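This report concerns the secondary-structure packing and selected local geometry of one protein model. The sequence and structure are shown first.

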Amino acid sequence: MRLATFNVLHGREVREGRPVPHSADAERPLAEAVASLDADVVSLQEVDRFQERSGLTDQARVAAEAARAEDWRYASALHGRSVLGQGWVLDPSEPGLRVYGPVDGAPGAAPPSHGIALLSRLPVREWRAMRLAPAPLGMPLRVVGRRGLTVVRDQPRAALLAVLQGRRGPFTAVAVHLSFVPGWNARQLLALRALIADLPRPHFLLGDFNLIGAIPRAVLNAAELLDPSRDRHTRRQQNTARRYGWRDLASVPTYPSHRPVLQFDHLLASGFPQDAVYAKHAPRTPISDHRPLVVDLQV
């Protein structure tokens, strides 16, 4: 089985660290990049739905068709329009989280939005979604296409999870894009851990965590150790999970895409042996300031 996570920067082509204007065929670069991963389960971040800047396309649908993923969902982190020079102009009439899928309609059927997607070639037994509130403070960040640092306000985030049917039984995959604010993103990570506690193992977290290196794994494993056992059943479950703990399935730099030196994008697993990973890479694609992270597993 192949897993992949990719912050797609709304399908924007990037050359040597600089974004280029969308082509007339706005769907093609995104579709080709996702198809090239040839993954069974794909987590996508910074996905547009019906935005003018990306050709009014439903990018989750485009990506799912390219990946040959029959089951998929898209979760809106926010509803609104991206306006050049103004940032996000939010739609006050829409909730911050709404989940769309294969049966949902064409442009005009829903307001424009921005969020994440989870695509699967495997059968999905259950879907869940969670809204992650933004941090109260912004931060100075490097923004693709701009020089120096730009103070950026945090945005609402979303998480999508699926209970998938594998050849050896069910397992849980979670797509997420965490806050860029230190500490706040760790808090969101712990909220996800609580959300999936009752779901089938192994657990896989796939996304742009905005946390580097071993930090996400350390946060989750510290929480496992400090979590008090309330009864024998819970204690047995925790002992089973700790046999493997939370692991990075791939330690590979993914950012910036033209010259990667940092790993913001992660594939973490709990209840899954490390020696079952037999290939991992972060290929360069024409789109995004991130590289996708791809892992092959022996299952």
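The sections below treat the basis of the model, the sheet, the helices, the salt bridges and the backbone.

## Basis of the model

The model is predicted: local features need pLDDT of at least 70 and side-chain atom pairs count only at pLDDT 80 or more, while totals for chains, interfaces and linings use all residues. Residues are numbered from 1 along each chain as its sequence is written, and side-chain values use heavy atoms, with hydrogens and water left out.

Helices (H or I, at least four residues) and strands (E, at least two) are DSSP runs numbered from the N terminus. Axes are lines fitted to C-alpha atoms, for helices over the stretch in contact, and angles run from 0 to 180 degrees between N-to-C directions.

## The open sheet

Six strands, in the order β9-β12-β13-β14-β16-β15, form an open sheet with mixed pairing; two strands pair if DSSP finds at least two bridges between them. The edges are β9 (124–132) and β15 (246–248), each with a single partner strand, so one side of each has no neighbour in the sheet. From one strand to the next, the twist averages 20°.

Strands β12 (residues 157–166) and β13 (residues 169–177) pair in the antiparallel sense over eight bridges. Leu161 has Val174 in β13 as its bridge partner.

Helix α3 packs on this sheet, touching β9, β12, β13 and β14 (203–208), and its direction makes about 150° with that of β9. Helix α4 also packs on the sheet, where it touches β14, β15 and β16 (265–270); its direction makes about 170° with that of β15.

## The α3–α4 pair

The axes of α3 (residues 184–195) and α4 (residues 215–226) come within 10 Å and cross at roughly 50°. That angle makes α3 oblique to α4 (under 35 degrees is roughly parallel, over 145 roughly antiparallel, 65 to 115 roughly perpendicular, and the rest oblique).

The contact (heavy atoms within 4.5 Å) involves Ala186, Leu189, Leu190 and Arg193 of α3, together with Pro216, Val219, Leu220, Ala223 and Glu224 of α4.

## Salt bridges

There are 16 salt bridges, each defined as a side-chain nitrogen of Lys or Arg within 4 Å of a carboxyl oxygen of Asp or Glu. One of them joins Arg121 to Asp40, with the closest N and O atoms 3.6 Å apart. Arg121 lies in the loop between β8 (113–120) and β9, and Asp40 in the loop between α1 (27–37) and β4 (41–49), so the pair ties together parts 81 residues apart in sequence.

## Backbone geometry

A cis peptide bond links Arg201 to Pro202, with omega about 5°; Pro202 lies in the loop between α3 and β14. The bond from Tyr255 to Pro256 is cis, with omega near -10°, and Pro256 lies in the loop between β15 and β16.
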